[in-house]
Amino acid sequence: MKTRILLTAIASCMFTALMAQTPAPAADAAQEKPKTPMTAEEKATKRVDGMKENLALDSKQERKMYNVMLTYYQKMDAIMEQRKALEAKTISTQNDREEGVSSILTEEQKAKYDEMQAKINARKGRQGGARQGDMGPGGRGPAVPSSRPAPAPAK
């Protein structure tokens, strides 16, 4: 009897812990419209509106700031489009390589080749996310040079 009560209590605790980690479904998930990306004009307007409020920009500053932000967002949108095109081209090139390799190798060699590729990818950290070499010190973010001078070494 004690064992049955103990097992019931353990199962109840496990169920409670499991349910606490499960995200609640959105109430209107079926009715929500997919988000459409904002245009460069919308982004600039939103950004300048916030700056106007927080920095008390006058109308002349607001117009100039809008032009700066609009130019920035237009350039960034173009860069993101180029990046998407480059990613697609990279994937296509990799697929072409894999098709070429597969056409040359026997089934046994393909299996060994796949194992080799899996080891290489695991070593390079390509199991999702950035490679280790893309991260800064301690793996905490991109390795971007700082505008501040480096501290002098301790003596």
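Modeller: Let us start with burial: a residue is buried under 20% relative accessible area, exposed over 50%, and partly exposed in between, with a 1.4 Å probe and protein chains only. This is a predicted model, in which local features need pLDDT of at least 70 and side-chain atom pairs count only at pLDDT 80 or more, whereas totals for chains, interfaces and linings use all residues. Residues are numbered from 1 along each chain as its sequence is written, and side-chain values use heavy atoms, with hydrogens and water left out.

Colleague: What makes Arg97 and Glu98 a salt bridge?

Modeller: The term requires a side-chain nitrogen of Lys or Arg within 4 Å of a carboxyl oxygen of Asp or Glu. The closest N and O atoms of Arg97 and Glu98 are 2.8 Å apart, so the pair qualifies. Glu98, with a relative accessible area of 25%, is partly exposed.

Colleague: Which parts does the salt bridge between Lys43 and Asp77 tie together?

Modeller: The side chains of Lys43 and Asp77 meet at 2.9 Å, N to O. Lys43 belongs to helix H2 and Asp77 to helix H3, so the pair ties together parts that are 34 residues apart in sequence; helices here are DSSP runs of H or I with at least four residues, numbered from the N terminus. Lys43 is partly exposed at 26% relative accessible area, and Asp77 is also partly exposed, at 26%.

Colleague: How far apart in helix H3 are Glu87 and Arg83?

Modeller: Both lie in helix H3, four residues apart, which is about one turn of the helix. A search of the whole structure finds six salt bridges.

Colleague: How do you know that the span of H3 is close to the expected one?

Modeller: The expected span is 1.5 Å times one less than the number of residues. H3 has 46 residues and reaches 67 Å from its first C-alpha to its last, close to the expected 68 Å.

Colleague: Which residues of H3 are buried?

Modeller: Met69, Leu70 and Tyr73 are buried in H3, and helix H2 (40-55) is included in what covers the buried residues of H3.

Terms used:
Helix = DSSP H or I, 4+ residues; strand = E, 2+ residues; numbered from the N terminus. Contact = heavy atoms within 4.5 Å.
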